[in-house]
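I opened the model to look up two things.

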Amino acid sequence: MESLPTTAPRQPAQVPPPVTPGLRGLLTLAVGVVVIAALYFGREVFIPLVLAILLSFVLAPVVNLLRRIHFGRAPSVIVAVLLALGVILGIGAVIGTQVASLAGNLPQYQATVQKKVSGLQEGILGRANALLQRINHQVHDASQKAAASGTTAAAPSGGETPKAQLVRVQEPDPSPLTLAHNILGPIVEPLTTVGIVLVVVIFLLMQREDLRNRLIRLFGSSDLHRTTVAMDDAASRLGTYFLAQLGMNAAFGVLIGLGLWFIGVPSPILWGVFAALMRFVPYIGAFIAALFPLALAAAVDPGWSMVVWTAALFLIAEPLFGHVIEPLLYGHSTGLSPFAVIVSTLFWGFLWGPIGLILATPFTVCLVVLGRHVESLEFFDVLLGDRPPLTPVENFYQRMLAGDPDEARDIGEAMLKERSLSSYYDEVALKGLQLAANDFARGVVTPAQLENIKTSCQGLVEDFEGRPDAEPPGDDKARGHSDVPTLAEQAHPKNEAVPGQAPPIEERPLAWQGEAPVLCIAGRGPLDEAAASILAQLLRKHGLGARVTPHEAVARGRIRDLDLSGVAMICISYLDITGSPAHLRYLLERLRRRAPDTPILVGLWPVGERVLSDAALGRELGADVYVSSLRGGVEACLKAVREAPREPAAAA
C-alpha cells in the first residue's frame, strides 16, 4: 500500500519590515530624481506625447459633436484630426510667408534703425557717451602714469621682431548630402513631430474608453462608480477648459494682428500668431510677444508714434482679456496658485525649452484637476492648486494654536458672507475646539498652548459680539466652471434655518423675565467653557440673556453656593464625554437637588454620542433636552420660553 504524500508544514507569512519615514523620504526623492531625469533626457519622446494628450483634450468636444450628428467614431476622429492638421499647416504656411516677407525688407529696416541711432547719438545719448569717454581717457591716463613711475622701460634687445603673417583657413565645399541635411533638417524635424503627434492623437481618441478604464484600474478600482464619474468629469472639464483657452488666445492673437495692421507694423499676421502662442505662458507671455513688434515698429517708423501705439495696444489688450473677458468666460483663474504657475513655468521651461513654456500651464492644470478627483493624486492639488490646503476647521484650530485670532477672524468674515454666525460656529469653531481638546487629551498640546487657545477663542467671540445671527443677504453664487470641492473639503452642509427671536420680555412667563434667564455651565473638559461662551452669545443675539459659569462652580463642595436667582433654564456644554457619562449623571443629580423644577439642556457637540440617539440612556442621565449643535441649543431654549407655563393672573 502506497503511503500518502506528506505535506510540509505551512510556514508563517513573512511580513516585510515597516518602511521608516526617513527611508520613505529617500525613496520618494530617488523616484523624483529619476522621473525628472527621464523627462529631461527623454524629451524627444515625451514632448510629442504630451502635445498629443493636450490636443486630444481639445479635439474631444469636436469628436463628441460629430458623433452626436450621427458620425461614426472613426469618421469623427479622422475629420477632427484632419481639421486640426489643416489649421496647423495653414498657420505654418502663413508664418513661413510672413517670415520670408520680413526677411526681404531687413536692409531697409536696418537703415532706419541706423538713422535713429545716429539721431540719438547726436542728442543726449551722444553727449552722455562723450562724457563717459572723457572720463575713461582720464582714468586710463592716470593709470598709465602710475605704471610708468613704478617701472623702467626696457630697451629692445638685438634683432628684429618677426612680422605677423595672415593665415586663412578655407573649409571644403559641402557635399550634397550635407547640403541636403542643412536645408531639409529644420523642415523635416517639425513635420516629423507633427506626424507623431497626430498619430498618437488618433489612437488616444479611438481608444479613449479603454485608456480611461486602465486609469481607473490603476488609481481607483476599489470604488468604480466614484472614480468613473470623477474621470469623466475631469476629462469633460479639461476639454472644455482647453478649448475655451485656445479660443481665447486665438481671439487675442486676432485682436493683436488687426491692431498691428491698423497701426502699420509689418507682418501683423505673424505677430498675431506669435502673441496667441506666447499667451499660453502665464503672466509674462503677452509682454514677451510685444517685444518683437515694438522692435520692428522702431525699425520701420522714423519717429516714435508707431512704437507708442504698439505698446498701448498690448497694455490695453492683455488686461482686458486677463481680467475682464476670461473671468466671464471660464472663471477667475486656471485653478493654480500664482507660485505654482511661476514654478511650473520655470520647471518645464528648463526641461523642455520654449515648448515647455507653452505647455507648462495646460499640463499643470491637468495634474491639478486629476488631483481634485483621484484620491491617490490629491497631492497635486495640495501643492499646485489655488485652494486653501487646510479645511476651515483645521485653519481655525491652527490659528488658535498659533495665538492669531486676527487671521481666524479674517477667515470667519469671509465665511460669514455665505452663512450665518450660528452656522459658522457649528461648522468651524466647535469642531476646531474639538480638535484642540482631542490633541490635549493625547498629550500633544501643552497647558500653555491650551491657555493660548482659550484666550484666542475668547477674543474671536468678543469680536463677533456685534454681528447678528442672520442669513447673509442675497443668494449664494453658483459654483464656477472649475470650482470643484477638494477631497479635503468634506465638511458638514450648511443649514441656514436660523432660529427666530424670543418673545418680548413683557410677553414671557415671569420666570423668563430676568436679565439672564439662561445659565450656561461649562463641562469638565479644558475647552468646554469656550463652547459655553459661544452658546451664551448666540442666546443673547436671539433675545435671551445668558451668563456663563465655569465647571468648578458646580463641583460637589461648591454647588451649594451657586447663584440660581433669575435662572429659568440651565444649559451644560460638553465637547466630549467619552468615557465619563457617569460624571455627567452625577452633575445632573446635583443640579436637580438645587433646582428641581428648572429644565436642563445638555449640549453634546460631537455628533455621534450614544446619548443623542438612545432615549433610555438620556432618561437615565436625567436631562430634559439633548442637542448636538449650537443652533439646536438656541432653538430648544426659544421653544422652552414659548411653552413655559404662565402664572395665573393675581386676584383683584
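In what order do the five strands of the open sheet run, and is the pairing parallel or antiparallel? I read the order as β2-β1-β3-β4-β5, with parallel pairing. Strands here are DSSP runs (E, at least two residues; helices are H or I, at least four), numbered from the N terminus. Two strands pair if DSSP finds at least two bridges between them.

I noted the provenance: this is a predicted model, where local features need pLDDT of at least 70, side-chain atom pairs count only at pLDDT 80 or more, and totals for chains, interfaces and linings use all residues. Numbering starts from 1 along each chain as its sequence is written, and side-chain values use heavy atoms, without hydrogens and water.

Angles run from 0 to 180 degrees between N-to-C directions, and axes are lines fitted to C-alpha atoms, for helices over the stretch in contact.

I then zoomed in on β1 (residues 518-522). Four bridges join β1 to β2 in the parallel sense. Cys-520 stands opposite Val-548 in β2. Helix α18 (residues 528-541) lies across β1, β2 and β3 (569-574), at about 160° to β1.

Last, I looked at α2 (residues 43-68) and α12 (residues 338-373). Their axes come within 11 Å and cross at roughly 40°. That makes α2 oblique to α12 (under 35 degrees is roughly parallel, over 145 roughly antiparallel, 65 to 115 roughly perpendicular, the rest oblique).

Terms used
Contact means heavy atoms within 4.5 Å.
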